[in-house]
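Hi,

Here is the structure I promised to pass on. Have a look at it first, and then read on for what turned up.

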Amino acid sequence: MSVFKKKLTLTSHGGTPTFINITAELRAAIEESGIAEGIATVISPHTTCGVFFEEFVHDVDETGTEFLQNDLNAVLEKIIPNQTGWNQYQYPGAEHYRAVESWPDADVYLPGGDRTALWNCDAHLKATLIGSSETFEVADGKLAVGTTGYCYFVDFDRTRSRTRKCTIVVMGE
């Protein structure tokens, strides 16, 4: 069995959840791996990010967000409202604030000491529901999904723009 890994660097925009179609990168990694039969797994190491499989949607809003992604946001927000206040969720608590304030790069996470920059409990919970990975079949050296099946990386954290990473692991023969 062979194992191939490829790391992707992605940028989220903040303000709203960021959805990134990574299907082309997934297909390219499978081709680059030389593996004909096996599996490909896309993994996010970030606790506010998820990976999911969904139909590609041709309809987009004025920001370029696909309609299914808007619908997913609306449903998730009904279950887990966006964090807008310090007492809306238990997280982040006083100990977490103190820990982050002690970090050498604390200003990245708390610009000017602004504790509202950590109000992302909703992003953590939404990512937990969606999941941090997705596994696909590799058949005949290609991604074995239907015509409209696409792989998306999502950063639910709305607090700021960030550089994000994910790994594609292709295993098989």
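Before anything else, a word on domains: their bounds come from an automatic or database domain assignment. For this protein, that assignment gives domain 1 (2–83 + 124–172) and domain 2 (85–119). The C-alpha centres of domain 1 and domain 2 lie 27 Å apart.

A quick note on the numbers: this is a predicted model, where local features need pLDDT of at least 70, side-chain atom pairs count only at pLDDT 80 or more, and totals for chains, interfaces and linings use all residues. Residues are numbered from 1 along each chain as its sequence is written, and side-chain values use heavy atoms, with hydrogens and water left out.

Now, where the domains meet. Eight residues from domain 1 and ten residues from domain 2 take part in the contact, meaning heavy atoms within 4.5 Å. The size of an interface is often given as the accessible area lost when the parts come together. Here the buried area (accessible area, 1.4 Å probe, that two parts lose on being put together, summed over both) is about 780 Å², and carbon and sulfur atoms give 44% of that. On the domain 1 side, Gln83, Thr159 and Arg160 lose the most area to domain 2, together 71% of what that side buries. The count of salt bridges (a side-chain nitrogen of Lys or Arg within 4 Å of a carboxyl oxygen of Asp or Glu) between domain 1 and domain 2 is zero.

Next up, strand 7. Strands are DSSP runs of E, at least two residues long, numbered from the N terminus. Strand 7 covers residues 149–155, and six of its seven residues are buried, that is, under 20% relative accessible area with a 1.4 Å probe, protein chains only. Two strands pair if DSSP finds at least two bridges between them. Strand 2 (residues 18–21) runs antiparallel to strand 7, with four bridges joining them, and Asn21 stands opposite Tyr152. Strand 4 (residues 49–55) also pairs with strand 7 in the antiparallel sense, over seven bridges; there, Gly50 has Val154 as its bridge partner.

Cys49 is buried, at 1% relative accessible area. Cys121 is in no disulfide either, and the nearest cysteine sulfur, that of Cys49, is 15 Å away. Cys121 also counts as buried, at 7%.

Cheers

How values were computed
Buried means under 20% relative accessible area, exposed over 50%, partly exposed in between (1.4 Å probe, protein chains only). A disulfide is a pair of cysteine sulfur atoms within 2.5 Å.
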